[in-house]
Amino acid sequence: GISGVDAVGRASVEVPYGRPSAPPIPAAPGVTVDTAPTASFAEPFDGEAVVGESFVPTVSASDDFGVRSVELTLDAEAPQLATLAPYEFGGGWRPDYDEIGQTHTLSARVVDSAGNETVVTGDFEVVAPAGYEAAQVDADALDAGSVLLGATADRTVTVTNSGENPVTLTALDLSGTGFAPAGGSCVAGAELAVGESCTVTVRFAPTVAGAASGTLSIPYTAIGAGAPLAVTLGGTGVTPEPERREPEQREPETRQPETPAVVPPVTPDPPVTPVTPPSAQPTPAAALAVTFPRAVKASRSGVLTLATLRNSGTAAGTVRVTGTLVVGRARFAIRVTSRVAAGKRVTLSVRLSRRARLALRRRGGTLSLRVTGVGARALTRRITVRRG
């Protein structure tokens, strides 16, 4: 209720309740929990880096309050620092052919606004581009044809360093009855520089009649080397026909009284027909033809079709394509090697790098190609690449 006037002449109010003590005052301000940032590698995506294709190491980082910086290290080299997303580093890295098979390690250290840090690491391997072969032979098979018993026939195969690193040959391995090495420059320890060749000569000397088969294995060592080169051997031993000779025919002498002896004429021997050995089989050879499209467009997965190859010959052939894809001011190298078996048709294509695919989504480009291995002279062609 309201009381009367107090001693100072003011009215007073009666409150029927009251707080027995003052409210508590916190001794210190509250603490907000800040968790460590999260991070992962956005590129390389699949743990592989293809020779000749550039990629930009990219880190995907996030935090509940904010990312202060991302520090990237490649194989313990001097780290690079990025403070703004997307966290891309170095302007791209492009592995070379001498790095095929090597494993590299990426390490990213992410620091948030509170000083919390997270470290992630990832390994990736350098792999050769599709269709890469460190060494090749000019024939998958050698056929000596029909050879008389006691005679011989030689066949030669050429080994070429078709890759981008030196090739060192090891001991040859030859199997099969009647087949033996007969010289050549491909010997154990021989080293072939890029583009150089050597030869192996195989001799077929049959000892029994009938078909014979064997295998020539050419092992070698090189960065990015595959299985030993293999050549199938074949031939047929033929028994010579015996010479045919007719026996001499003489008529008996007839003696008559007082008549001189008459000597009957002697029939001469018939001529001997010489045995002509079968002719040697022609050496197998490749006959390659290439068809270019007027314009192409990369698939959704980044595959670009360059040409169609057809081998109408009797031996395998190798085609090598180099060139440049120009999109605006950006240039991207193209390098493909393809081996086409006899009587086969192959579509030649290349998988574009991520940067090339992104560039083609904004505008079209021009592809300049140079093809070797088809005919005596190199072919050149310019192809329009559509946007998409």
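Biologist: Which strands each supply at least two residues of the lining of the second largest pocket?
Modeller: This is a predicted model, where local features need pLDDT of at least 70, side-chain atom pairs count only at pLDDT 80 or more, and totals for chains, interfaces and linings use all residues. Residues are numbered from 1 along each chain as its sequence is written, and side-chain values use heavy atoms, without hydrogens and water. Strands are DSSP runs of E, at least two residues, and helices are runs of H or I, at least four, numbered from the N terminus. The suppliers are β9 (136–137), β11 (153–160), β23 (317–327) and β24.

Biologist: What volume does the second largest pocket have?
Modeller: A pocket is an open set of points on a 1 Å grid over the protein atoms alone, where a 1.4 Å probe fits, with protein on both sides within 12 Å along at least five of seven lines; lining residues have an atom within 4 Å of a point. Points are joined across faces, edges and corners, and the volume is the space filled by probe spheres set on them. For the second largest pocket, that gives about 420 Å³.

Biologist: Which residues lie closest to the centre of the second largest pocket?
Modeller: Its lining has 24 residues. The largest share, four residues, comes from β23. Closest to the centre are Q136, V137, D138, T160 and T318.

Biologist: Which element gives the most to the lining of the largest pocket?
Modeller: The largest pocket holds about 530 Å³ of space and is lined by 32 residues. Elements giving two or more are β24 (330–340), β25 (345–351) and α1 (354–362). With nine residues, the top contributor is β24.
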